Amino acid sequence: MNSKSGLTFCFLVFLTIGFAQKKKNSDIFHVDYLYGKIMRHSPQILHLIQGPTQGVLFSWERETFGEKDWQQLYNFPSYGASLLIQDMGSPELGKIYSLHGEYKFFFWHRKLSLKTGLGVGYIPNTYDPVTNPRNTAYGSSFTASILFGLEYRFQNIFNSPIDFKFGTFLVHYSNGKTKSPNTSTNNYGLQVGLSYDFHQTEKEYKTTVLEPVSKRWSWDFLVATGANDSGIWGEPNEAFLTLTTSVNKRLSHRSGIRFGLDAFFTPSVKTFINYRAIAFQEENNFQGDEDWRRVGVFLGHELYLGQWSVLSQVGYYIYYPVDYLNREYLKVGLRRYLTDKFYVSLLLKSHYSKAEAIEYGIGIRL
């Protein structure tokens, strides 16, 4: 089955399912075709940029109507999931299959939307020193996949529940230095697609007066772990530990700020030190007995979306015994509150464009 036939078949399946649903359903299904190119963000991947990227995106979207306070705050966003099948335009990179959880935010009478998705991708054609040595971008079969899309929708074409839409996209693939090589890719381009809206009755959006939010200071303690490597090809992953404490101030229903301290215990840094001390003795930059631990201070922001929140922070190492990556570091990710006090988190730590680790954490807020 070619790509056009597959696209038509899947959309007809979505239509068939749609007619079988009750009209009260608020679900929407989408099928999009993506055409783009890989961004030239590193000289190490120039030989991999050979042709356009092409893909098919299947998405499910559920609308919200203001039953929860946070939905009213953000103009009734929707949430859902998607499957992206993408050909990266070169035989070395091959195809990537990725699943995402998504949020979509609306503007301009709900005709314009911004979509953000986070998920995991599967890469069949990864780096191999014998069979695929030119693939310097993907060192592992599983990778993080981050999707952004901006699209304009022509609603109810021909007085039907079908919408036509077009827009732009950006997809980032990186394993967060779980396994080298990990030059990663960013691909961007244009997309066109069709949507089928199961909710064929008048949509009613609820608006209420929101209760005031507590703006007291709070204290957090987070324990996070994961595994990464030193950036030396062929070295195994090593588990790490990150301890974080912070004070937090809620500013509004939407956001808050954080000031804190990170302590990083990363054995892969020790591996890097030992390697440099042995392999580059003439440079005399490393002796092999340097401390591999680091401590940083940070300023962060938290964007609240109900029980979820989006975290972003900028940090600076105040204890930095060896020159490893950069002294400044960034973290972005998600937090899910299980109760008022306990939460879990997923954070990507990077030094500008160079990822260092994906941190999986559990924390408490007091």
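Student: Which residue of S16 stands opposite Lys349?

Tutor: Ala357 in S16 stands opposite Lys349. The model is a predicted one, in which local features need pLDDT of at least 70 and side-chain atom pairs count only at pLDDT 80 or more, while totals for chains, interfaces and linings use all residues. Residues are numbered from 1 along each chain as its sequence is written, and side-chain values use heavy atoms, with hydrogens and water left out.

Student: What makes S15 and S16 strands that pair?

Tutor: A strand is a DSSP run of E with at least two residues, numbered from the N terminus. Two strands pair if DSSP finds at least two bridges between them. S15 (residues 342–351) and S16 (residues 354–365) have 10 bridges in the antiparallel sense, so they meet the rule of at least two. The hairpin of S15 and S16 has 2 residues between the strands, and Tyr352 there takes a positive phi near 60°.

Student: How many bridges join S9 and S16?

Tutor: S9 and S16 have 6 bridges, again antiparallel, so this couple also passes the cut-off of at least two. Phe221 has Ile364 in S16 as its bridge partner.

Student: What do the strands from S9 to S16 form?

Tutor: They form a closed barrel of 8 strands, in the order S9-S10-S11-S12-S13-S14-S15-S16, with antiparallel pairing. Neighbouring strands of this sheet are turned by 25° against each other on average, direction ignored. Helix H3 (residues 267–279) packs on the sheet, touching S9, S10, S11 and S12. The direction of H3 makes about 125° with that of S10; such angles run from 0 to 180 degrees between N-to-C directions, with axes fitted to C-alpha atoms, for helices over the stretch in contact. A helix is a DSSP run of H or I with at least four residues.

Student: Why is Phe286 called buried?

Tutor: Buried means under 20% relative accessible area, exposed over 50%, and partly exposed in between (1.4 Å probe, protein chains only). Phe286 has 12% relative accessibility, so it counts as buried. Phe286 is in the loop between H3 and S12. Leaving out residues up to four places away in sequence, Phe286 touches Phe272, Ile273, Arg276, Ala277, Val322 and Asp323, where contact means heavy atoms within 4.5 Å.

Student: Is Thr126 buried or exposed, and how do you know?

Tutor: Thr126 stands at 17% relative accessibility and therefore counts as buried. Thr126 lies in the loop between S5 (112–122) and S6 (142–154). Among the residues that Thr126 touches are Asn132, Tyr138 and Ser141.
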